[in-house]
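Hello,

Here is the structure I promised to pass on. Please open it and keep it beside you while you read my notes.

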Amino acid sequence: MNYKNKKYLLKKRPVGMPTDDCWGIDYEDIKGISANEIIIKTEYLSIDPYMRGRMNDGVSYASPVKIGEIMVGETAGTVIESKSNLYNVGDKVCAHCGWQTYIKTKDTNPTLIRIPSNNINLSSFLGALGMPGRTAYFGLKNVGKPKKGDTLVVSAASGAVGSIVGQLGKIAGCLVIGIAGGSKKCDFVKNELHFDDCIDYKSETFSDDLKHACSNGIDIYFENVGGIVTREIAPLLNQGSRVPICGYISKYNEKDILNTETPFHVFGNLNPKPFHRFFVVTEWADQWEVATKELLELVNENKIFYRETITDGFKNAPQALRDVLSGKNFGKQIIKI
């Protein structure tokens, strides 16, 4: 069989918000496979904040996408051809192989994740049951180390990672306070995710509202945004507090991110300093299967809820990334290819 693959290549590095001309579309014919290879037809593409950082040519926890290379990203799809003993035609898989409509790969590709048999939409394995869910799971469990009675504050609480963090915190017995932008997102966090409270960082009373909600201080702060939110959180941290730093999206479009204020500056200047560290979910890659299984059980038991923004059309991937970076999406942003 011959498949016409469509893919986005990085054409130039953005300054500020990425514009459409940062990418170029390329086509290739995928013809046949060799032993131990599979072809995946991608059905969904995950859009995530980290993608912006990978477009920069700078020092980071992961190497930047090179000019002319395929744009980084994870997809979910179906195996449509196989010469593999590990994967059969019809298997559902996730693959971290970039923005493309077909994927030809070795069956030993370490980014391949087999999706367990289930009745849940495939897109969910790019969100609550995928990388964002696992990021929440390991960041809270292994870095935040929640204890019953802790006050946990989660920024970007309506987002793909933050929404799961807060619900896991509730399951662990924490008092959970979310931070989100706008009344709709705050209402969703309180009424559908069942956080104890959610503070609108866009409100003129944000600082006072946060202090009131965290009257006993903060034991765990799950950092997703940086900026003004981080500065308001810092003086409320209790002795012995823990700060898992997942990201700081408010700074991702800065022209010189190395010389801008980050959560590391804010927390590092405190005395005493809280335990704080940046983490990436790949630190626990050998435990991904266990985490996904546990998250799937919690979803099936109606103990974890989530929302997705699914945008039709591969051509809309660049705009979807801009939406994520500006907070326009609601929950996990996904492209339906």
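**The second largest pocket**

The second largest pocket is lined by Pro110, Leu112, Ile113, Arg114, Pro116, Ala285, Asp286, Trp288, Glu289, Thr292 and Lys293. One caution before you go on: this is a predicted model. The volume of this pocket is about 260 Å³. Two elements each give two or more residues to its lining: β7 (113–114) and α8 (288–300). Helix α8 supplies the largest share, with four residues.

**The six-stranded sheet**

Next, look for the open sheet of six strands. Its order is β10-β9-β8-β11-β12-β13, and the pairing is parallel. Which strands form the edges? They are β10 (197–200) and β13 (275–278), and each of them pairs on one side only. From one strand to the next, the twist averages 15°. In general, strands of a sheet pair through backbone hydrogen bonds.

Now take one pair. Strand β9 (residues 175–180) joins β10 in the parallel sense, over four bridges. Find Gly178 there; Cys198 in β10 stands opposite Gly178.

Helix α4 (residues 183–191) lies across β9 and β10. Its direction is at about 170° to β10.

**Helix α9**

Last, go to helix α9 (residues 317–325). Is this helix mostly covered or mostly open? Mostly covered: eight of its nine residues are buried. Here "buried" means under 20% relative accessible area. The buried ones are Ala317, Pro318, Ala320, Leu321, Arg322, Asp323, Val324 and Leu325. Note that Arg322 and Asp323 are on that list, and both residue types count as charged.

What covers these buried residues? The cover includes three strands, β1 (2–10), β2 (23–31) and β3 (37–47). Helix α1 (50–54) and strand β15 (332–336) are also part of the cover. Then follow the chain just past α9. Gly327 takes a positive phi there, of about 75°.

Write back with any questions.

Best wishes

Methods. Residues numbered from 1 in each chain as written. Predicted model: local features only at pLDDT ≥ 70, side-chain atom pairs only at ≥ 80, totals over all residues. Heavy atoms only, no water. Buried < 20%, exposed > 50% of the residue type's maximum accessible area, 1.4 Å probe, protein only. Contact = heavy atoms within 4.5 Å. Pairing = 2+ DSSP bridges. Axes fitted to C-alpha atoms, helices over the stretch in contact; angles between N-to-C directions. 1 Å grid on protein atoms, 1.4 Å probe; cavity = no way out; pocket = protein on both sides within 12 Å on 5 of 7 lines; lining within 4 Å. Points joined across faces, edges and corners; volume = space filled by probe spheres on them.
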